[in-house]
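Here are my notes on the model, point by point. Please read them with the structure open.

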Amino acid sequence: MSRLRTHTSEVILAFVVICTALTSFQQPSSAQQPAPPALPYSPSLDPGSMDRSIDPCVDFYQYACGGWKKNNPIPSDQTSWSVYGKLHEDNLKFLRTILEQAARATARDTVTREIGDFYAACMDETTVNARGVAAIRPTLDAIASLGNIRALAALLARLQIDTGSRQMVFAVGSEQDPDDSEQQIAQLDQGGLGLPDRDYYTNTDAKSVETRARYVQHVQKVLELIGDSSESAKTNADAIMKIETDLARASLTRVDRRDPYKTKHKMKRAELKALAPAFDWDRYFRELGAPKFEVVNVSAPEFFKAVNAQLGSTGVAEWRSYLRFHAANVDAPYLSSAFVQEDFDFYRAYLRGAKEMQPRWKRCVQLVDRGLGEALGQVYVRDVFGPDLKQSTVDMVKGIEAAMEQRINGLDWMSAETKRQALVKLHGIRNKIGYPEKWRDYGPVDIGKSDFLGNVRHATAFESRRDLQKIGKPVDHGEWGMSPPTVNAYYDPQMNDINFPAGVLQPPLYDAKLDAAPNYGDTGGMIGHELTHGFDDEGRQFDAKGNLADWWTAEDAQRFKDRAQCVADQYAQYVVVDDIHINSKLTLGEDVADLGGEILAFIAWKDATKGKDLKPIDGLTPEQRFFVGFAQWDCANERPEDMRVRALTDPHSPSRYRINGVVVNMPEFAAAFSCKGSQPMVKPANTICKIW
Ligand SMILES: [Zn+2]
């Protein structure tokens, strides 16, 4: 439910990052710090990024972004390039300076030492290369000593804690109880795959067949790197592919997983044992160090039945191969150059089209953010997110919420009864802006200057354990799921909160130097997007407290579904790449949020500037500036390989349609550019999708 896919999708933690040990926020002392670096400035509406030779009524995205696309070719180390991606990159450069200073400084506070040493160890490629495969030898030895299937439980628990990876057969953690959002319960989820989606294993088109063959080669290569002969690596890779294919077949699709009822299967421990008796669950949970619990949500029971069947039918030698491969595959980015290269060659070059590896410093900055995000974030917000910026974005959020209230009250298709409930939900939304009020304490994480893999493991295990320790505890509403430097935002339906990290409130997105029109078009639209997620086809199924509870009358629910179908039908026509269309059942929530968000932003902007005499600037009327500002949030260049991966995995539509698909449903757009009824950016009035 974020505005954007994550930039580091290969390195997502399986566990949601949560705080249990918290310290109060203290402004770090700045007395002995060198002057902070500055983020480069570019405006949130840049006329130079437009292509005014294009008719906005024919292709608005190209009109607003044509110049940007021409001036911003995809850098060779990127899989795509966009306004968000560029800001992410600017942030990395900024954070690099902070981290280099932190690594060098002699008198350091705790936070500076943690992030400085983590970064220094990551940058020490010589030491990493000298250790080579020895760095994961203890893990490989533990796997090699697996003597029987029953002993798998204890081994798997340790591997999952240390790697935080979903790739180790399945995923475990805590989650909010879907029926009691104030309570955390245990959760088991599907996983176990090395390819980015279960569909890669089941699709029968030529490209999918090729990708599977290429993946098996990758598995083989990784096994060779940890010491298998070429012949046994080949045999083992085939066995691993068989295990993964069986797991994939039993996995829910991404579309299924958007239905919260399809992932809700709360059961007693005894029922779990009956579901998958071949696995030693008691030993497993003991080894995880999980608190005692009675109820677990098994999000995909069929998957665990398949795991159980495989435990009976697959030999222990094959399981050892499977675990050895995944252990090395997950850790490959933190090992010596040969591993890093193979990881890049398959996941970023072959699958996503990158031409060269990101320089080491970029990878290291991102790993510090991932491992110690709220330590790095403290330093970041101190330098880039002052009280004025916080206040102005808080005000804008309030304006967008007021627009939503106005909009709900005015809906002609919704009954008074459902409207009342919708307003209760709207008023129940928590706004989280910039950074957490309490920072996570990384004190228990052992971080040294010379053990890169060790640091990654310790930070990951710390998060794994903290997530598990929440089982049985009340929910902490102050927690964030993104670090402050993150250039992204999200809505969480179970928390019923909207979250805007400081990183997404910077130019060229939020721009205090510019007029209101592009700011509302861009950041106002983003706030409206997250707010609308509370009321999209998925989010609407949760109530004000975040419980899975139906607050709609049957008639209103049907009217909503009809309106959502209008959006789904529209986006299903759009092509992602070659002959692949948008899977609009996967993107529906985001498409609805894009449309709702921009409508709310327009209302809020009109309200905020009521009675003001707004003048044209750079040859654009205020209304035109609103829409160009909107479009320029998502100017992008995309590689075909990356688009193929995203067609299967990304719930967001491609950039062009996130702009053009929205404006065709807004008569305010056609009016702003005097578009005629027969032009592509104008839908006949009776076919406009009206939802929120
Ligand atoms: Zn979203």
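1. Where does Asp-578 have its place? Asp-578 sits in the loop between strand E11 (575-577) and strand E12 (580-581). Helices (H or I, at least four residues) and strands (E, at least two) are DSSP runs, numbered from the N terminus. Phi of Asp-578 is positive, near 50°, in a residue other than glycine. Asp-578 counts as exposed, at 57% relative accessibility. For this and later points, buried means under 20% relative accessible area, exposed over 50%, and partly exposed in between (1.4 Å probe, protein chains only).

2. A word on the basis. This is a predicted model, in which local features need pLDDT of at least 70 and side-chain atom pairs count only at pLDDT 80 or more, while totals for chains, interfaces and linings use all residues. Residues are numbered from 1 along each chain as its sequence is written, and side-chain values use heavy atoms, with hydrogens and water left out.

3. Asn-496 also has a positive phi, about 50°, although it is not a glycine. Its place is the loop between strand E9 (490-492) and E10. Asn-496 counts as buried, at 0% relative accessibility.

4. Check the cis peptide. The bond from Pro-507 to Pro-508 is cis, with omega near 5°. Pro-508 belongs to the loop between strand E10 (497-501) and helix H20 (516-533).

5. Next, the sheet. Four strands make up an open sheet, ordered E3-E4-E6-E5, with mixed pairing. Strand E3 (170-177) and strand E5 (266-268) are the edges, each pairing on one side only. Neighbouring strands of this sheet are turned by 40° against each other on average, direction ignored. Two strands pair if DSSP finds at least two bridges between them. Strand E4 (residues 180-190) and strand E6 (residues 295-298) run parallel and are joined by three bridges. Gln-187 has Asn-297 in E6 as its bridge partner.

6. Helix H13 (residues 301-313) lies across E3, E4 and E6 and runs at about 40° to E4. Axes here are lines fitted to C-alpha atoms, for helices over the stretch in contact, and angles run from 0 to 180 degrees between N-to-C directions. Contact means heavy atoms within 4.5 Å.

7. Leu-188 deserves a look. Neighbours within four places in sequence aside, Leu-188 is in contact with residues including Phe-170, Val-172, Tyr-284, Val-296, Val-298 and Phe-304. The largest nonpolar core has 204 residues, and Phe-60, Leu-188, Tyr-284, Leu-323 and Trp-692 touch the most other members. H16 gives the largest share of this core, twelve residues. A nonpolar core is a set of buried Ala, Val, Leu, Ile, Met, Phe, Trp, Tyr and Cys residues joined through side-chain atoms within 4.5 Å.

8. How many disulfides are there? The count is four, a disulfide being a pair of cysteine sulfur atoms within 2.5 Å. With bonded cysteines counted along the chain, the pattern is 1-7, 2-6, 3-4, 5-8.

9. Cys-57 is joined to Cys-675 by a disulfide (S to S 2.1 Å). The link is left-handed, with -85° about the S-S bond. Cys-57 lies in the loop between strand E1 (22-24) and helix H1 (60-71), and Cys-675 in the segment after helix H26 (667-672), so the pair ties together parts 618 residues apart in sequence. Both Cys-57 and Cys-675 are buried.

10. Cys-122 and Cys-364 form another disulfide (S to S 2.0 Å). Cys-122 is in helix H3 (residues 110-123) and Cys-364 in helix H16 (residues 360-384), 242 residues apart. Cys-122 is buried at 1% relative accessibility, and Cys-364 is buried at 0%.

11. The sulfur atoms of Cys-566 and Cys-689 are 2.1 Å apart, in a disulfide. Cys-566 is partly exposed, with a relative accessible area of 25%, whereas Cys-689 is buried at 1%.

12. Last, a helix pair. Helix H23 (residues 622-631) and helix H25 (residues 655-663) have axes that come within 10 Å and cross at roughly 150°. They are therefore roughly antiparallel; angles under 35 degrees count as roughly parallel, over 145 as roughly antiparallel, 65 to 115 as roughly perpendicular and the rest as oblique. Phe-627, Phe-630 and Ala-631 of H23 make the contact with Arg-658, Ile-659, Val-662 and Val-663 of H25.
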